[in-house]
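Here are my notes on the model you sent.

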Amino acid sequence: SLKDIDSAKVSWFLDKGKEEKRLVVPAKTTVKDALLRLNLLRSGKLINAAILLFGKEPQRFFVQAKIRVARFKGTEGHDYLDMKVLEGTIPELREKALAFAAEHTRHAVFFDANQRYDKWEYPFRALEEVLNNALAHRDYRSNSDIHLSIYDDRIEVWNPGELPKPLTPAMLKRKHLSIPRNRFLAERLFYIKYIEHWGRGTNRVVEDMREEKLPDPVFEELSGGLNV
């Protein structure tokens, strides 16, 4: 019910949608009215996406909506140096996962003509895109968590749910259209610019890696999910 919704999270979403010029909601809109405008409240009842986006305790209703993160020792994954299970709404999960990755990847600072440049081991814009896709398109009926695994030589993100047909892993590196698994949720995430609905996200990941002179990302279906 409405008592399970965090009004501050709704306000953040509305402000973010306005900032991205994708959502216009009148000032002083109540939480109930905002949910109605977003079509997240039907016949007085919340739909699942409302809890995933704005719930006070989303995992109380969706125990599987978590991200399991780990920094492994070496390249095989036998021992880990740090491991956490992240909880929260979709935007909170995204930010917590990015913070964990920043904590466990290398960072350097360069100076050129009195200008400071920050350079990370991996292009974080690409990692953001991969996490956005994992959260938007995962199979929320699955009991599995999303996995973010950091090794000495790579980062892997796995989400439950294989690609919707006719998409294949090979197609993600070339021109393709967007086929969202959770269309209703994806349309709400479009408002805050987490996804674009054009099928260009994975292409941008490839471009970002090549721009940094890093190997192309590997997309593969693994254990009933998509691994990047």
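**Notes on the backbone**

1. Lys21 sits in the loop between α1 (7-19) and α2 (31-37), and its phi is positive, about 60 degrees, although the residue is not a glycine. Helices here are DSSP runs of H or I with at least four residues, strands are runs of E with at least two, and both are numbered from the N terminus. Lys21 is exposed, with a relative accessible area of 75%; exposed means over 50%, buried under 20%, and partly exposed in between (1.4 Å probe, protein chains only).

2. The model is predicted: local features need pLDDT of at least 70, side-chain atom pairs count only at pLDDT 80 or more, and totals for chains, interfaces and linings use all residues. Residues are numbered from 1 along each chain as its sequence is written, and side-chain values use heavy atoms, with hydrogens and water left out.

3. Lys193, in the loop between α7 and α8 (201-211), also is not a glycine and has a positive phi, about 65 degrees. Lys193 is partly exposed, at a relative accessible area of 42%.

4. Lys165 and Pro166 are joined by a cis peptide bond, with omega about 10 degrees. Pro166 belongs to the loop between β8 (155-160) and α7 (183-191).

5. Helix α5 (residues 90-103) has 14 residues and should span 20 Å at 1.5 Å a residue; its end C-alpha atoms are 20 Å apart, so the two agree. The expected span is 1.5 Å times one less than the number of residues.

6. Which residues of α5 are buried? They are Ile90, Pro91, Leu93, Arg94, Ala97, Leu98, Phe100 and Ala101.
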